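Please open the model in a viewer and follow the stops below in order. Each stop names a selection and then describes what is found there.

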Amino acid sequence: MDQMTALRRGEMNWGVLARSIGPRVRLLRNVLAARTEAAGGADDLPTGALTVLALVSANPGTSQTLLARRAGINKSALVGIVDQLEQRALVARDRSAVDRRRNSLSITRAGEAALHDLHAAALPAEAPIRAALNPGEQALLVSLLDRALASMEGQAAQGQELGRAA
């Protein structure tokens, strides 16, 4: 099929990005985020609330710094999200018993209920992926994404160490 026919059909050639990972990951993330947002959930919770609530639920007592890193949210934005979740009594923020300079986060009962509602609303966004991939392929995709993320985090940590040594 020639290029003009492909374009008329809404198809595009990736060109030099034919084997690139980043654009596809970004596109998938954007599609999932839009579908999740359209699905609704809890009233006017900030973007990222599902991720933050899920991570705090699974890791009670986590610090905001570690949470920001794992959620892929910059620290300033995370503080705003946590502020809103705390105002709604969905998370509790206390001083860490280990390091008084840090906050320790935990989820409340209301937060667990909101997490359940948000997760239920977000699941349909992934339905097309689950339909296209069998359970083994889904597990492989998650595993490959985790490995790719770990490799990038390792590179970032190495860069930080080199920066300190200079």
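This is a predicted model: local features need pLDDT of at least 70, side-chain atom pairs count only at pLDDT 80 or more; totals for chains, interfaces and linings use all residues.

Residues are numbered from 1 along each chain as its sequence is written, and side-chain values use heavy atoms, with hydrogens and water left out.

**First stop: helix 3 against helix 4**

Select residues 49–58 for helix 3 and residues 64–71 for helix 4; the two pack at an angle of about 125°, with axes 10 Å apart. Axes are lines fitted to C-alpha atoms, for helices over the stretch in contact, and angles run from 0 to 180 degrees between N-to-C directions. Helices are DSSP runs of H or I with at least four residues, strands are runs of E with at least two, and both are numbered from the N terminus.

Next, display the side chains at the contact (heavy atoms within 4.5 Å). Thr 51, Val 52, Leu 55 and Val 56 of helix 3 meet Leu 67, Arg 70 and Ala 71 of helix 4. These residues comprise five nonpolar, one polar and one charged.

**Second stop: the buried faces**

Which residues of helix 3 are buried? They are Ala 49, Val 52, Leu 53 and Val 56, buried meaning under 20% relative accessible area with a 1.4 Å probe, protein chains only. They cover an arc of only 95° around the axis, which puts them on the same side of helix 3; the arc is that of the directions from the helix axis to the C-beta atoms.

Turn to helix 4, where Gln 64, Leu 67, Ala 68 and Ala 71 are buried. Down the axis of helix 4 these fall within an arc of 100°, so they line one face of the helix. Their packing partners include helix 5 (75–87) and strand 2 (91–95). Just after helix 4, select Gly 72, which takes a positive phi of about 70°.

Finally, select residues 22–39 (helix 2) and residues 109–132 (helix 6), which pack at an angle of about 140° with their axes 7 Å apart. Among the residues of helix 2 that meet helix 6 are Leu 28 and Leu 32.

Definitions and conventions: Ala, Val, Leu, Ile, Met, Phe, Trp, Tyr, Cys and Pro count as nonpolar, Asp, Glu, Lys and Arg as charged, and the others, Gly among them, as polar. Buried means under 20% relative accessible area, exposed over 50%, partly exposed in between (1.4 Å probe, protein chains only).
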